[in-house]
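Here is a short briefing on one protein chain. The points are grouped by topic.

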Amino acid sequence: MKRFHYALITAAFAALLLSACGSADTDTAGSSGDNSLVVLNYGKYLDASAIKMFEQETGIKIKLEEYESPEEMYTKFSAGSISYDVVCTSDYMVERLIHEGKVAPIDFSSFSYYKNLDPAILAAAEVFDPQNQYSMPYFYGTLGILYNTTMVSEEETESWNILWDDRYRDTIIMQNSVRDSFVPALRLLGRDINTEDETDLRDALSLLVEQKPLVYAYYVDETADEMIAGNAALALVYSGEAATAMESNADLSYTVPKEGSNLWIDSWFIPADSTHKENAEKFLDFLYREDVAMLNFDCVCYATPNQAVVDALDEDTRNDTTIFPPDDVFANCTVYKQLGSDTPELYSYLWKTLKSE
C-alpha cells in the first residue's frame, strides 16, 4: 500500500515541480493518440525522469492519472470513464480485481527484466496472485511505529500497547485508513489482520474507541511532517514514510512491534480491457530494468523487489531495516487479503462508528 497517499494531481503537474522525483510533461489521461499508454498510479510513485526516458526510447506517450487510496482507485477504475492500460495498486485490491475478471494475465516470456524480481517477494505475492500470473510487485514494506526517541524509548515500542499508553495522550497519530488502524488492535488481541469474524472486528473497535482520546489525529499525508516537526511522539506509519521522515529528523526511529503487522506489496497489473496491451508490457518490462528501477527506488525510497537494484546499493542502504525488513520481521508480518463481500461494509460501519465517538 503506497505510503504517502498524496492527493490526486489535477493541475498541469505544477505540484510535481516541487517533488524530489522531478517533473514530467505528460498529457491528461484520456486524451487521444494510438501510440500511448494510460497509467493509473498512486501520486508521486514514479520518477518523472523515468517517464520521460520511456517516452524518448519508445515514442509511446504516457498519460498519467493518480489517486490517493486503493478504494479511490477502485472507484476511478470501475467508473469506466477512462480506459486504463496499466495500473499500480495494493495487494488486496489486485486480488479483488483478479476475482472480478478485470485483470489480464501477463505473458512474462517476452520480458527481459522479469528475472530481476526477488523470488521471496514473488512467493509472498502469491497470497493475492497465485502463481504470479497477473501482477508484478513494485514496492513493498511494513506497517509499524515511527517514534521520537527524545520522547519514547525503544523498549516501549516493542509492543503495540504503546499506542494505548495514557502518558502519550494527544501525541499519537493513527492512519486515516480503516484496515491499517485496525491492525494494532487486532494483533494485540491475537487475531488475524485478515479476519472476517464480526466478533473479532467489534473487539478491535472497542480497543480503538478506548484509544481515541489519546489520538492527536488520524492522518494520511501529514504524518511525516508532523513527526519531523516534533508535534507528535508516535505514529502508525508505513516503512517508506518512516524512512523519509528519519532522513529529515535524526531523533526519529521506526520499529515493527513483536505482535506482528502488515507486509504490504504494491503491484502493477494490466486491465483485461486495456487497448494498448503491447505498450503496457513494454512499460512494465522497462520499469524492471536496473537503471530505471534504481531511479524509482531513489525517488520513492521504499523496499524494492528488484534484486539487481538491491545488489547495487551501498551496504548501509541494503542493511537499513526500516526500508528492508529483516527476515524475522518479514516472517512475522501478513499480507492483506481481499475480504468477502460483506466485510468491507462492516469495516466501513465500524470505522464510521469510531470516527463518530
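Which residues in helix 3 are buried? They are Asp 91, Tyr 92, Met 93, Val 94, Glu 95, Leu 97 and Ile 98. Buried means under 20% relative accessible area, exposed over 50% and partly exposed in between, with a 1.4 Å probe and protein chains only.

This is a predicted model, in which local features need pLDDT of at least 70, side-chain atom pairs count only at pLDDT 80 or more, and totals for chains, interfaces and linings use all residues. Residues are numbered from 1 along each chain as its sequence is written, and side-chain values use heavy atoms, with hydrogens and water left out.

**Helix 3**

- Helix 3 spans residues 91-99 and is mostly covered, with seven of its nine residues buried. Helices (H or I, at least four residues) and strands (E, at least two) are DSSP runs, numbered from the N terminus.
- The cover over its buried residues includes helix 2 (70-79), helix 5, strand 3 (86-90), strand 4 (103-104), strand 5 (135-148) and strand 10 (261-271).

**Domains**

- The protein chain splits into domain 1 (36-140 + 264-325) and domain 2 (141-262 + 337-356). These bounds come from an automatic or database domain assignment.
- The domain centres, taken over C-alpha atoms, are 26 Å apart. Domain 1 gives 13 residues to the contact and domain 2 gives 18 residues. Contact means heavy atoms within 4.5 Å.
- About 1300 Å² is buried between domain 1 and domain 2, and carbon and sulfur atoms give 56% of that. Buried area is the accessible area (1.4 Å probe) that two parts lose on being put together, summed over both.
- On the domain 1 side, Tyr 92, Trp 264 and Thr 322 lose the most area to domain 2. Together they account for 47% of what that side buries.

**Helix 5 against helix 14**

- Helix 5 (residues 178-188) packs on helix 14 (residues 343-356) at an angle of about 80°, with the axes 11 Å apart. Helix 5 is therefore roughly perpendicular to helix 14.
- Axes are lines fitted to C-alpha atoms, for helices over the stretch in contact, and angles run from 0 to 180 degrees between N-to-C directions. Under 35 degrees counts as roughly parallel, over 145 as roughly antiparallel, 65 to 115 as roughly perpendicular and the rest as oblique.
- Val 178, Arg 179, Ser 181, Phe 182 and Leu 186 of helix 5 meet Tyr 347, Leu 350 and Trp 351 of helix 14. By class, this contact has six nonpolar, one polar and one charged residues. Ala, Val, Leu, Ile, Met, Phe, Trp, Tyr, Cys and Pro count as nonpolar, Asp, Glu, Lys and Arg as charged, and the others, Gly among them, as polar.

**Helix 1 against helix 10**

- Helix 1 (residues 48-58) and helix 10 (residues 290-300) pack at about 155°, with axes 8 Å apart. That makes the two roughly antiparallel.
- Ser 49, Ala 50 and Met 53 of helix 1 meet Asp 291, Val 292, Leu 295 and Asn 296 of helix 10. The classes are four nonpolar, two polar and one charged.
- Met 53 and Val 292 are 239 residues apart in sequence, yet 8.7 Å apart in space, C-alpha to C-alpha.

**Leu 287**

- Leu 287 lies in helix 9 (residues 277-287). Its relative accessibility is 3%, so Leu 287 counts as buried.
- Beyond neighbours within four places in sequence, Leu 287 contacts Leu 46, Trp 268, Val 292, Ala 293 and Asn 296.
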